[in-house]
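Subject: Structure for you to look over

Hello,

Here is the structure for you to open. My notes on what turned up follow below.

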Amino acid sequence: MEKHVVVIYPHPDDESFGAAGTVAKFRSEGVPVTYLCGTLGEMGRNMGNPTFANRETLPEIRKQELMDACNILDMELEMLGYRDKTIEFEDRRQVAHHIKTYLDKINPSLVITHYPGFAVHPDHNAYGAAAIEAVSLIEPENRPTVWAQAFSNDTLEKLGTPDIKNDIEKYFDKKIKAILAHASQAIGVISQYRNADNIQSDLNELAKQNLGIERFYVWKY
Amino acid sequence: MKPIEIDKVQDKLEHFKNKQIYIHLETTNGAYASHFNQDKYNVGAYIRNAKASYHQAKIVGDGKSFRVGLKMEIGWIYAEGLTDWEMLDSKLLMAGHDREGRLMVSLQISETPFSY
């Protein structure tokens, strides 16, 4: 059994779309989970539909949504205070050391983050790289396992089959509840799947196809 | 925000004329454009808290979508596709949203810096 799981993603809602089922499973086993959320998604373009946020009110709205989602998932939350879209321009070593201060306190057995280069959004790739570097700074005998999440279109071709495939059907309702806590973002993000598939199918079915299994690669140091 | 009322926005643009102002100017089509459709490109730019001053300003449009041009001593600030506006804490916020409420462009003017 895991001792403590740390989720390291840059945006409010990454945790709900990417790993809510996995988090819920760990919590149901009594494993503590902490989310190190990098930014407040200040530069997101989804403003709710119909819009209820604007560029200036979005950070506080997303902060509240993030806290609500973490309550639903029953995980601890730490906000690291970077600015959306800018993580790749920060000094990676510095970000890694910043993340490591949390890892040193928590001493996790498992870290979940994005797979650098295969996670589409520049913040995902940069924050994932910093997280992986943070773990590399820990002595090998104390290093937690790292699960890296990849979903760029070339993932299967370049990385092969994921090592971890969590079928989260049992926790799917909780995942949807966590996603919907991000009211300013949820519909806009989910509707992208529909547009991409160019079909008018049931949102719930689409969500299950896209969100029902959480896949990760075990990072090799 | 609410749909742009051209006269009211013009009034506000006049209000900031010849003052030292801070600009937030942004355009984006999201970080996932080419992920969901390989024929699309990810394009975006933003500048936050650029100090500027303009002596002439105009909003022009067809009733739904608007352009704003701010004439400075040695240049211009320009935004196209603006649809909505709001005054927030004495800051003039203008933005253009797509059918699904996603922000595509924004131009914001303030006498005090935007939070950063």
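Two residues are in contact if their C-beta atoms, placed from the backbone, lie within 7 Å. By that rule, and leaving aside neighbours within four places in sequence, A:Ala96 is in contact with A:Ala130, A:Glu133, A:Ala134 and A:Leu137.

Some ground rules. This is a predicted model, in which local features need pLDDT of at least 70 and side-chain atom pairs count only at pLDDT 80 or more, while totals for chains, interfaces and linings use all residues. Residues are numbered from 1 along each chain as its sequence is written, and chains are lettered from A and ligands numbered from 1 in the order in which they are written.

Helices and strands are DSSP runs, numbered from the N terminus (helices: H or I, at least four residues; strands: E, at least two). A residue is buried if 20 or more other C-beta atoms lie within 10 Å of its own, exposed if 12 or fewer, and partly exposed in between.

**Helix H3 of chain A**

A:Ala96 is found in helix H3 of chain A. A:Ala96 is partly exposed, with 19 other C-beta atoms within 10 Å. A:Ala96 and A:Leu137 are 41 residues apart in sequence. In space they are 8.4 Å apart, C-alpha to C-alpha.

A:Ile106 is also found in helix H3 of chain A. It is partly exposed, with 19 other C-beta atoms within 10 Å. Which residues does A:Ile106 contact, leaving aside its neighbours within four places in sequence? They are A:His4, A:Val6 and A:Thr34. A:Ile106 and A:Val6 are 100 residues apart in sequence, but 8.3 Å apart in space, C-alpha to C-alpha.

Axes here are lines fitted to C-alpha atoms, for helices over the stretch in contact, and angles run from 0 to 180 degrees between N-to-C directions. Angles under 35 degrees count as roughly parallel, over 145 as roughly antiparallel, 65 to 115 as roughly perpendicular and the rest as oblique. A crossing is left-handed if the near helix is turned anticlockwise from the far one by less than a right angle, and right-handed if clockwise.

Helix H3 (residues 92-106) of chain A packs with H4(A) at an angle of about 60°, their axes 8 Å apart. H3(A) and H4(A) are therefore oblique to each other. Their crossing is right-handed. On the H3(A) side, the contact includes A:Val95, A:Ala96, A:Ile99 and A:Leu103. On the H4(A) side, it includes A:Ala130, A:Ala131 and A:Ala134.

Helix H1 (residues 14-28) of chain A packs with helix H6 (residues 172-181) of chain A at about 140°, with axes 9 Å apart. H1(A) and H6(A) are therefore oblique to each other. H1(A) passes H6(A) in a right-handed crossing. Among the residues making the contact are A:Phe17 and A:Ala20 of H1(A), and A:Phe172 and A:Ile179 of H6(A).

**Nonpolar cores**

A nonpolar core is a set of buried Ala, Val, Leu, Ile, Met, Phe, Trp, Tyr and Cys residues joined through C-beta atoms within 7 Å. The largest one has 54 residues. Of these, A:Val7, A:Ile8, A:Val23 and A:Ala131 touch the most other members. Helix H4 (residues 122-136) of chain A gives the largest share of this core, eight residues. Apart from it lies another core of 29 residues, among them A:Ala53, A:Ile61, B:Leu93 and B:Leu103.

A:Val23 touches A:Val7, A:Glu15, A:Val33, A:Leu73 and A:Met75, not counting residues up to four places away in sequence.

**Chain B**

Chain B has two helices and nine strands. Along the sequence the pattern is β-α-β-α-β-β-β-β-β-β-β. Of its 116 residues, 33% count as buried. The C-alpha atoms fill a box of roughly 45 × 30 × 25 Å, taken along the principal axes.

**Backbone points to check**

A cis peptide bond joins A:Asn49 and A:Pro50, with omega about 0°. A:Pro50 is in the loop between strand S2 (33-37) and helix H2 (58-73) of chain A.

B:Asn18 has phi near 60°, a positive value in a residue other than glycine. B:Asn18 sits in the loop between helix H1 (6-15) and strand S2 (21-28) of chain B. With 10 C-beta neighbours inside 10 Å, B:Asn18 counts as exposed.

B:Asn49 also has a positive phi, near 65°. B:Asn49 lies in strand S3 (residues 44-52) of chain B, and is partly exposed, with 13 other C-beta atoms within 10 Å.

Best wishes
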